[in-house]
Number of protein chains: 2
Amino acid sequence: MTLASDSIDGAVIAAILAGRLRPGTRLGEAALADLYGVSRTRVREAMMRLETRGIVQVSPRRGWFVVEPSAEDARVAFEARRVIEAGLLASARTLPPDAVARLRHHVEEERRAVLDGGVGPRTCLLGDFHIHLAAAFGNPLLTEILRDLTARTTLVSMLYQSDLHAAESNADHARILDLIEAGDLAAAASEMTGHIHRVEQGLDLGTAPDPHAGLRGILAPFTPLTNAPLTDGGPDA
Amino acid sequence: MTLASDSIDGAVIAAILAGRLRPGTRLGEAALADLYGVSRTRVREAMMRLETRGIVQVSPRRGWFVVEPSAEDARVAFEARRVIEAGLLASARTLPPDAVARLRHHVEEERRAVLDGGVGPRTCLLGDFHIHLAAAFGNPLLTEILRDLTARTTLVSMLYQSDLHAAESNADHARILDLIEAGDLAAAASEMTGHIHRVEQGLDLGTAPDPHAGLRGILAPFTPLTNAPLTDGGPDA
DNA sequence: CTCATCACCCTTGTATACAAGGGAGAGGGA
DNA sequence: TCCCTCTCCCTTGTATACAAGGGTGATGAG
């Protein structure tokens, strides 16, 4: 959807942006090699490329894992996005009308996804807006950088249970686009800074980065079957 | 000097920033493996990492080469640097006094290098200023991104025979630092934009990106020894 | 003398074999 | 019953062997 999935790298990135790969997920070389019908060599190459892009990391002799950004990593990634995306808007003079039209169409797609409710496509589209916006300015280098940063912040959002309100983000995007169309790029830059800031503020960075966050939601109702007396009040006491 | 050279990647980047590795230089796997006393495997891994960072590229079955940025690549790289470096300054509120002091010291080093004349150290220091400035803002992610971008623009400068006036750049740096110290980060951002713009304008992007640019200067006086009659006026006619 | 053709060599591309190390689980002792 | 320890297995780390392809130089014809 976002990018070419014709490579292992691309497939991993796409899966992350779509929210199908969570932080901490193990990416075994043998498993991927089997999945793609190639030898471990190719898989390792892809993993190392992704490692330099900050998407996966290796734990010696244990395996490759989708990165689990720390609170500091999260701060740094969001700051980087603010600097670059606001800088991009502030540096630009205008945007071609057809590019604005395409982005408008994208925001409309976002709106529908927000209403329909699928969390996967929604996350994907909301992240894609930023990538497409960057691409519209015609600098593939910055676009590529922002794609990686967006992948990072997507992982952050997954890890820190953001109560990101998708509708609010969608409205932000629409407002930014309005300002661009009106030719007020400086205001758009300011709005973008605020938008990314709000997304970051929506995170629960105080909580410990828990790799089992995903399982936790599923397993929450579970009460350990210990032989402790039931009269101790249970986990809620 | 700029970064850890304790890896093949780092050594290559450092060599580029120092101007010791020129665009188009071939980096044979066997040669590097021999040089570092490791097998080709490790070298290939390093090359692939550098490839994802946009520093080298591979020509199938021919070898790895330091990238030779096209005119468009150059434009894009400088634009990316303008966006990020100006955005970084514009987003920041202030810089700790000790960081300013360190940068001041660096600019002084630059000045001495410009006077002494060694082109290698000079290039290295002038590029390092931007990296150190980015590092001073405490975002290692942006610092890393800018290191790679600076490596690219350094390659561009080597390829397109920039008549970069080192003294002018040094003065720009000092002025930017003055504005930062005065607390006028917005003006510093604007100055940075101008500075990078001037560096880019100093390039001769009109000329074809010639991998033999270095040889050209040396071989220029050479007149082809054809068997054509000398009375035809020669190549200057 | 010039040019086309061909073979060899040197390069990267890919897979595989083996080494090294961490983790889980079995087993035994307290 | 609990815990400690040890072993085996599964994982990645690294090197090497072989495959594939391009470039250069020799060689021969015109």
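A polar contact is a pair of N or O atoms within 3.5 Å; within protein, one must be able to donate a hydrogen and the other to accept it, and residues adjacent in sequence count only if both atoms are side-chain atoms. The model is predicted, so local features need pLDDT of at least 70 and side-chain atom pairs count only at pLDDT 80 or more, while totals for chains, interfaces and linings use all residues. Residues are numbered from 1 along each chain as its sequence is written, and side-chain values use heavy atoms, with hydrogens and water left out.

A backbone N or O atom of A:Glu29 is 3.1 Å from a phosphate oxygen, and a side-chain N or O atom of A:Arg40 is 3.1 Å from a base nitrogen.

In one of them, the closest N and O atoms of B:Arg82 and B:Glu200 are 2.7 Å apart. Both B:Arg82 and B:Glu200 are buried, where buried means under 20% relative accessible area, exposed over 50% and partly exposed in between (1.4 Å probe, protein chains only).

A further salt bridge joins B:Glu181 to B:Arg104, with closest N and O atoms 2.5 Å apart. B:Arg104 is partly exposed because its relative accessibility is 28%.

Conventions: Chains lettered and ligands numbered in written order. Salt bridge = Lys/Arg side-chain N within 4 Å of Asp/Glu carboxyl O.
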